[in-house]
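Thanks for coming. I'd like to take a few minutes on the salt bridges in this one.

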Amino acid sequence: MTSTLGIVTLNAQHEEAFTCQLAKAAASFDLEIVRFTPFGLKPGSNLIQGQTYKLGNGFSAAEFPIPDLIYDRCLYQHDSQSKKAKPIMDWLKKYPKTTFLNTGFPNKLMLFEQIQDHPYLRPYIPLFTLLKKPSDLISMIKRNGFCHLQPLAQQLSASTYFIYVKDPTTITVQFHQDQTITFSRLSDVERWCQKFIGRYFIQCFDITYQKDISSGEIRIFFIKNAKHEWHNIGNQMKLVAENRFLNNTQNKNHMLGFEHYLHSLQPHIKQLLLDDIATIHSSLPEHLDRTFSPFIEFAVDLLHTSEGKLFITNMRSKPARSAFLKAFPEKENLVIRLILEHAQSMIAHSKEVPHDRKALHYRSTNHK
């Protein structure tokens with residue numbers, strides 16, 4: 001008997017090409033793909049206005065019951081649409097007749113709090129704290145020379161800032177490839193960071209300060225198979241030019257091959273990096289899985305310094321795919337197969353679990 005996998009996004013056209021390929025392959029797994037937005041749920045009923053997929057015809061408008069299994073790809077922002085969508089998604093996650101492939105991570109500060117005491121992960125965790133007042137940021141910059149300011153929320157559009165002391169009298173903030181703000185007075189820094197108080201947190205890195213800092217950012221993509229085993233399906237790497245700090249990993253124009261990056265390293269730094277990544281692979285997915293299940297995929301961002309130190313800087317449970325599939329087009333079929341195999345196994349398991357017990361599976365953590 002065919003079961004239904006519903007893909008929910010805030011925008012009906014989000015990841016349209018990938019969703020079509022997923023829907024095309026789903027029949028081989030006894031799955032039917034439907035897609036919808038939270039706003040398609042009809043009040044007072046268990047029906048959804050969305051789209052169903054028919055081979056040869058693509059997606060077309062339809063009305064259908066709440067799916068057996070839901071794959072949450074909603075990426076929230078600071079807008080009215082997101083505010084309306086969240087309570088609807090919260091209701092769906094508590095609906096006992098439906099299983100979720102993923103429920104999302106909590107805010108980023110909670111994530112780091114959960115992993116900072118893990119014995120194998122602790123060496124990769126930067127010093128971090130909630131931004132409560134401007135002096136928090138200023139004292140950390142003065143003490144460390146380099147800080148990372150990023151939003152608590154697991155959202156795609158919010159800016160991340162890299163802040164460093166360029167000389168004893170100048171603090172520089174970089175937030176895009178060639179866009180920086182330079183402050184020569186601490187009072188200006190205080191005014192600038194007021195708008196981030198309570199919404200952002202600070203990360204500081206224990207690195208030896210250098211005049212020209214050369215660092216890189218690695219993004220590793222993990223996905224789970226039907227046996228609940230985590231696979232590293234690809235590493236993306238972007239170098240940072242001298243006198244610049246990190247940029248958005250999703251900037252496709254500056255993406256470099258990970259293997260190329262490895263060949264550029266001194267042999268002992270290369271081996272250390274590979275050992276560190278192996279440790280993270282063996283520890284991080286399993287630890288997050290125990291704490292924030294269910295989820296099927298995530299990406300982790302790593303800061304690799306020219307001295308060979310590695311830091312975990314970010315984790316996303318709904319990683320963007322466009323840059324990854326552009327870098328690894330040959331892996332699209334693998335990603336689709338793993339998602340569908342896992343969906344198939346979760347539906348089989350959910351049929352064995354009574355609805356009242358299944359409802360208890362969802363945690364009260366503020367997932368996004």
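A salt bridge here is a side-chain nitrogen of Lys or Arg within 4 Å of a carboxyl oxygen of Asp or Glu. Before the pairs, two notes on sources. This is a predicted model, where local features need pLDDT of at least 70, side-chain atom pairs count only at pLDDT 80 or more, and totals for chains, interfaces and linings use all residues. Residues are numbered from 1 along each chain as its sequence is written, and side-chain values use heavy atoms, with hydrogens and water left out.

By that rule there are 15 salt bridges. Glu15, Arg73, Glu297 and Arg321 are joined in a salt-bridge network.

Now Glu16 and Arg35, whose side chains form a salt bridge at 3.2 Å, N to O. Glu16 sits in helix α1 (residues 16-26) and Arg35 in strand β2 (residues 31-36), so this pair ties together parts 19 residues apart in sequence. Helices (H or I, at least four residues) and strands (E, at least two) are DSSP runs, numbered from the N terminus.

How accessible are the two partners? Buried means under 20% relative accessible area, exposed over 50%, partly exposed in between, with a 1.4 Å probe and protein chains only. Arg35 is buried at 6%, while Glu16 is partly exposed at 33%.

Next, Lys133 and Asp136: their closest N and O atoms are 3.0 Å apart. Lys133 is partly exposed at 43%, and Asp136 is buried at 15%.

Last, Arg337 bridges to Glu341 at 3.2 Å, N to O. They are four residues apart in helix α9 (residues 332-350), about one helical turn. Arg337 is partly exposed at 36%, as is Glu341 at 22%.
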